[in-house]
Amino acid sequence: MVGGRTADLAPTAAVKIFSAGTAGCVADLLTFPLDTAKVRLQVQGESKSLLKGQRAKYRGVFGTIFTMVKTEGPRSLYCGLVAGLQRQMSFASVRIGMYDTMKQLYSQGSENAGIGTRLLAGCTTGAMAVAFAQPTDVVKVRFQAQGWLPENGCVKRYNSTIDAYKTIARDEGFKGLWKGSLPNIARNAIVNCSELVTYDIIKELILHHNLLTDNMPCHFTAAFVAGFCATIVASPVDVVKTRFMNSVPGQYSGAVNCALTMLIKEGPTAFYKGFMPSFLRLGSWNIVMFVSYEQIKRVVVRFQQP
């Protein structure tokens, strides 16, 4: 870090955890409509009418957003936002805020952590975050998808976030709140590795070769590359995760069955449904999150100075 006295003070683990959770919430507030559009595109292949050859309701990210605003109102773009913010406070704070701590732990305090160490740290914090935040992710996906239910059309499953938690626990058992944990662990291990490790390495290279200073342009560039890499690698797992978590009880026997059903009925391209909104969302989310994360860390460290 550069920029005077503040730059010389390293943020503590607590500062990083707080900054990551807050930055995740800021990023979600600004990019949530793109995430909702992505979910709608990913689940619409489950519609029985669509499988019979009828025209898709949603076409493209901006077409999806336009259709949702026209048919359900602009508020539908932020359906599930409360659960999304709950998710980021418990999720981003762990997977992003604890990344440096795990990296130092695995490298035994070395300043020059290798790629293997970084990947291991990313996998670890990604998996840990799922253990804390999976129920919030299930509720978020259910809310985002509930305007497109294959068996009933546009029907509301839940009236509020609290109602969603209670209904899922009552109808599907406590395990229902952790539905899709395995694909979500796989997804977040992959996303964390491709996202955090890419950001870490690109930022390090930019600073090492003096291309930019440790400020917003550097953070923006590294975050954009990280978002693109994460989307390429994680899209197939993300689609399976969304389909499985949104499914009604008994629709799929497990995440693997969900993936096989998609492959057989819809072909391999189904795994990249919603790729453009995924990239727009992950790219923009990464830019907002990492830039906010770096700035919030600096503000908090500056505030802690005597």
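The lining of the largest pocket divides into 11 nonpolar, 5 polar and 11 charged residues. Here Ala, Val, Leu, Ile, Met, Phe, Trp, Tyr, Cys and Pro count as nonpolar, Asp, Glu, Lys and Arg as charged, and the others, Gly among them, as polar. The model is predicted, so local features need pLDDT of at least 70 and side-chain atom pairs pLDDT 80 or more, while totals for chains, interfaces and linings use all residues. Residues are numbered from 1 along each chain as its sequence is written, and side-chain values use heavy atoms, with hydrogens and water left out.

**Stop 1: the largest pocket**

Select Lys16, Asp100, Lys103, Asp200 and Lys203, which of the 27 lining residues are the closest to the centre of the largest pocket. The space in this pocket is about 860 Å³. A pocket is an open set of points on a 1 Å grid over the protein atoms alone, with protein on both sides within 12 Å along at least five of seven lines; a cavity is a set where a 1.4 Å probe fits but cannot get out; lining residues have an atom within 4 Å of a point. Grid points are joined across faces, edges and corners, and a volume is the space filled by probe spheres set on the points.

Which helix gives the largest share of the lining of the largest pocket? Colour α9, which supplies 7 residues. Helices are DSSP runs (H or I, at least four residues), numbered from the N terminus.

**Stop 2: salt bridges**

Next, select Glu204 and Arg118, a salt bridge whose closest N and O atoms are 3.1 Å apart. A salt bridge is a side-chain nitrogen of Lys or Arg within 4 Å of a carboxyl oxygen of Asp or Glu. Glu204 is in helix α9 and Arg118 in helix α7, 86 residues apart. Arg118 is buried, with a relative accessible area of 6%, whereas Glu204 is partly exposed at 42%. Buried means under 20% relative accessible area, exposed over 50%, and partly exposed in between (1.4 Å probe, protein chains only).

Now select Arg95 and Glu195, where the closest N and O atoms of the salt bridge are 2.7 Å apart. This pair links helix α5 to helix α9, 100 residues apart. Is Arg95 buried or exposed? Arg95 is buried, and so is Glu195.

Move to Glu72 and Arg40, a salt bridge with its closest N and O atoms 2.8 Å apart. Glu72 lies in helix α4 (residues 61-72) and Arg40 in helix α2, so the pair ties together parts that are 32 residues apart in sequence. Arg40 is buried, with a relative accessible area of 1%, while Glu72 is partly exposed at 30%. The count for the structure comes to 16 salt bridges.

**Stop 3: the cavities**

How many cavities of 30 Å³ or more does a search of the whole structure find? The search finds 2. The largest cavity holds about 170 Å³ of space. Select Arg87, Gln88, Arg187, Arg281 and Leu282, which of its 20 lining residues are the closest to its centre. The lining of the largest cavity divides into 6 nonpolar, 3 polar and 11 charged residues.

The second largest cavity has a volume of about 70 Å³. Its lining includes Asp35, Lys38, Arg187 and Arg281. Helix α10 gives the largest share of this lining, 5 residues.

How values were computed: Helix = DSSP H or I, 4+ residues; strand = E, 2+ residues; numbered from the N terminus.
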